[in-house]
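Subject: Handing over a structure, with notes

Dear colleague,

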Amino acid sequence: MAVLPIRICGDPVLHSPAAEVTEFDAALHDLVRDMFDTMAAAPGVGLAGPQLGVAKRLFVYDWTDDADVRHRGVAVNPTLWITPTPAADADPDTESEGCLSFPGERFPLKRSAEAILQAVDADGEPFEVRAAGWLARIFQHEYDHLDGLIYVDRLTDGYARTAAKIERKRGWGIPGQSWLPGVDHLED
């Protein structure tokens, strides 16, 4: 079990589609354990392979909803089906999200209200999860990472400009940058 460095926007692995997982072995199980450890240390509610420099189609998630139900798992080689995204502007109070690969920031982003995640687990066993609300948002966010997108890539208008300014100010947007949860303290 280990906490691994999280890549920061600009690293090529974050901006390229990830490859299918083909080996369901001890190395995959070790990676999944490390992903959960890293996500917890960050802390976060989701973490995708590319965020750790692993260009493979998998992500982990761990979130407890308002009814105190814990949603935790690993999705390997997922497919995500979503309802249409409303055309309205995102509400800054209820629809803001952050990303461990753009640490310390949150921006409003409109997402689909419902999603169906179909994937296999670390043993290759298929499963399906129907999600709504924040769990659907988590799935969409992590799935984007597998396609080479960071949530700031989806921002519009002023929020996109603000994110770009923050990226320049912090010297992000270039290959090879990362941070280690529990060690690095990223500040303005």
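Predicted model: local features only at pLDDT ≥ 70, side-chain atom pairs only at ≥ 80, totals over all residues.

Residues are numbered from 1 along each chain as its sequence is written, and side-chain values use heavy atoms, with hydrogens and water left out.

**Helix α1**

Helices (H or I, at least four residues) and strands (E, at least two) are taken as DSSP runs and numbered from the N terminus. Helix α1 covers residues 26–41, and its 16 residues should span 22 Å at 1.5 Å a residue, which agrees with the 23 Å between its end C-alpha atoms; the expected span here is 1.5 Å times one less than the number of residues. In the loop between α1 and β2 one finds P43, which is joined to A42 by a cis peptide bond with an omega of about -15°.

Two strands are said to pair if DSSP finds at least two bridges between them. By that rule β3 and β4 pair in the antiparallel sense over seven bridges, with T64 standing opposite R70 in β4, and the two strands form a hairpin with five residues between them. The loop between β3 and β4 holds D68, whose phi is near 65°, a positive value in a residue other than glycine; D68 counts as exposed because its relative accessibility is 65%. D66 is found in the loop between β3 and β4 as well, and with a relative accessible area of 85% D66 is also exposed. Between D66 and P84, which are 18 residues apart along the chain, the C-alpha atoms are separated by 24 Å.

Strand β4 also pairs with strand β7 (residues 114–120), in the antiparallel sense and over five bridges, and here T79 stands opposite Q118 in β7. Within strand β4 lies N77, which has a positive phi of about 50° although N77 is not a glycine.

Grid points are joined across faces, edges and corners, and a volume is the space filled by probe spheres set on the points.

The largest pocket has a volume of about 470 Å³ and is lined by 26 residues, of which P43, G98, C99, L100 and R106 lie nearest its centre. At least two residues of this lining come from each of β5 (96–99), β6 (102–108) and α2 (133–146), and α2 gives the largest share, six residues. By class, the lining of the largest pocket has 11 nonpolar, nine polar and six charged residues, where Ala, Val, Leu, Ile, Met, Phe, Trp, Tyr, Cys and Pro count as nonpolar, Asp, Glu, Lys and Arg as charged, and the others, Gly among them, as polar.

The second largest pocket has a volume of about 260 Å³, and of the 15 residues that line it, A88, D89, A90, K110 and T156 lie nearest its centre. Helix α3 (residues 157–169) supplies the largest share of this lining, three residues.

H141 is found in helix α2 and counts as buried at 7% relative accessibility. Leaving aside its neighbours within four places in sequence, H141 is in contact with E97, G98, C99, R111 and Y151. E105, in strand β6, counts as buried at 16% relative accessibility. From E105 to I166 the distance is 8.9 Å, C-alpha to C-alpha, although the two are 61 residues apart in sequence.

With best wishes

Note on methods
1 Å grid on protein atoms, 1.4 Å probe; cavity = no way out; pocket = protein on both sides within 12 Å on 5 of 7 lines; lining within 4 Å. Buried < 20%, exposed > 50% of the residue type's maximum accessible area, 1.4 Å probe, protein only. Contact = heavy atoms within 4.5 Å.
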